[in-house]
Amino acid sequence: MIDKIRSLIVKYWDILIYLFFGVLSTVVNYLVYIPALYILGLSAAASNVIAWVVAVAFAFVTNKPFVFKSHDWSRQTLVPELTKFVGCRSASGAGETLILFLAVDLLGWSGAVWKLITSVLVVVANYIASKLLVFKK
């Protein structure tokens with residue numbers, strides 16, 4: 001049984017480690033979004049943009065070495081990776097912000113609930129984009 005579990009972990013390691021750091025990035029995002037929305041009283045869209053900036057910085061610094069095993073921090077490698085990473089995250093971040101604007105700011109639905117819903121969609125989209133476009137071998 002332990003060998004079977006070990007085999008599954010090895011087989012799906014890339015996805016598991018991405019999900020681990022994806023959850024951490026989501027926590028960072030929430031630690032900024034929730035206070036901005038409920039304590040500072042900013043709109044859901046504005047709160048999301050601020051949270052997005054912090055979470056993307058955290059995600060890049062963790063995803064580059066730990067998830068996608070890119071250890072070259074030289075300028076000629078870092079700049080293209082960072083540019084593609086932020087570009088891909090900008091697309092998913094814009095989609096998330098638009099959904100939050102419509103659902104929370106316009107329709108008055110729960111900011112916390114809709115943030116959770118959009119977070120799931122964003123984690124999946126970001127993994128695919130990072131794997132195929134940013135840190136490709």
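What follows is a working chat about a predicted model of one protein chain.

Q: How many helices and strands does the chain have?
A: The chain has five helices and zero strands. From the N terminus on, the order is α-α-α-α-α.

Q: What box do the C-alpha atoms fill?
A: Roughly 50 × 45 × 20 Å, taken along the principal axes.

Q: And what share of the residues is buried?
A: Of the 137 residues, 37% count as buried.

Q: What about contacts, what share joins residues at least 24 apart?
A: That share is 66%, counted among contacts between residues at least 6 apart in sequence.

Q: Confidence next. What is the average pLDDT of the chain?
A: The average is 91, and 99% of the residues score at least 70.

Q: Which element has the lowest mean pLDDT, and which the highest?
A: Helix α5, residues 111-134, has the lowest mean at 86. Helix α3, residues 44-67, has the highest at 94.

Q: How many residues line the largest cavity, and which lie nearest its centre?
A: The lining has 20 residues. Ser25, Asn29, Arg89, Val122 and Asn126 are the ones nearest the centre.

Q: Which helices supply at least two residues of that lining?
A: Helices α2 (13-39), α3, α4 (75-106) and α5 each do. Helix α2 gives the most, with seven residues.

Q: What is the lining of the largest cavity like by class?
A: It has nine nonpolar, eight polar and three charged residues.

Q: On to charge pairs. How many salt bridges does a search of the whole structure find?
A: The search finds four salt bridges. Among them are Asp3 with Arg6, Lys69 with Asp14, and Lys64 with Glu81.

Q: Start with Asp3 and Arg6. Where do they lie?
A: Both lie in helix α1, residues 2-11. They are three residues apart, about one turn of the helix.

Q: Is Asp3 buried or exposed?
A: Asp3 is exposed, because its relative accessible area of 57% is over the 50% cut-off.

Q: Next, Lys69 and Asp14. How far apart are the closest N and O atoms?
A: They are 3.7 Å apart. This pair links distant parts of the chain, with Lys69 in the loop between α3 and α4 and Asp14 in helix α2, 55 residues apart.

Q: What is the relative accessibility of Lys69, and what is the figure for Asp14?
A: Lys69 is at 43% and counts as partly exposed. Asp14 has a relative accessible area of 32% and is partly exposed.

Q: And Lys64 with Glu81, what is the N to O distance?
A: Their side chains meet in a salt bridge at 2.4 Å, N to O. Lys64 lies in helix α3 and Glu81 in helix α4, so the pair ties together parts that are 17 residues apart in sequence.

Q: Are Lys64 and Glu81 buried or exposed?
A: Both Lys64 and Glu81 are buried.

Q: Why can such side chains pair at all?
A: Side chains of opposite charge can do so when their charged atoms come close.

Technical notes:
Residues numbered from 1 in each chain as written. Predicted model: local features only at pLDDT ≥ 70, side-chain atom pairs only at ≥ 80, totals over all residues. Heavy atoms only, no water. pLDDT = per-residue confidence, 0-100. Helix = DSSP H or I, 4+ residues; strand = E, 2+ residues; numbered from the N terminus. 1 Å grid on protein atoms, 1.4 Å probe; cavity = no way out; pocket = protein on both sides within 12 Å on 5 of 7 lines; lining within 4 Å. Nonpolar A, V, L, I, M, F, W, Y, C, P; charged D, E, K, R; others polar. Buried < 20%, exposed > 50% of the residue type's maximum accessible area, 1.4 Å probe, protein only. Contact = heavy atoms within 4.5 Å.
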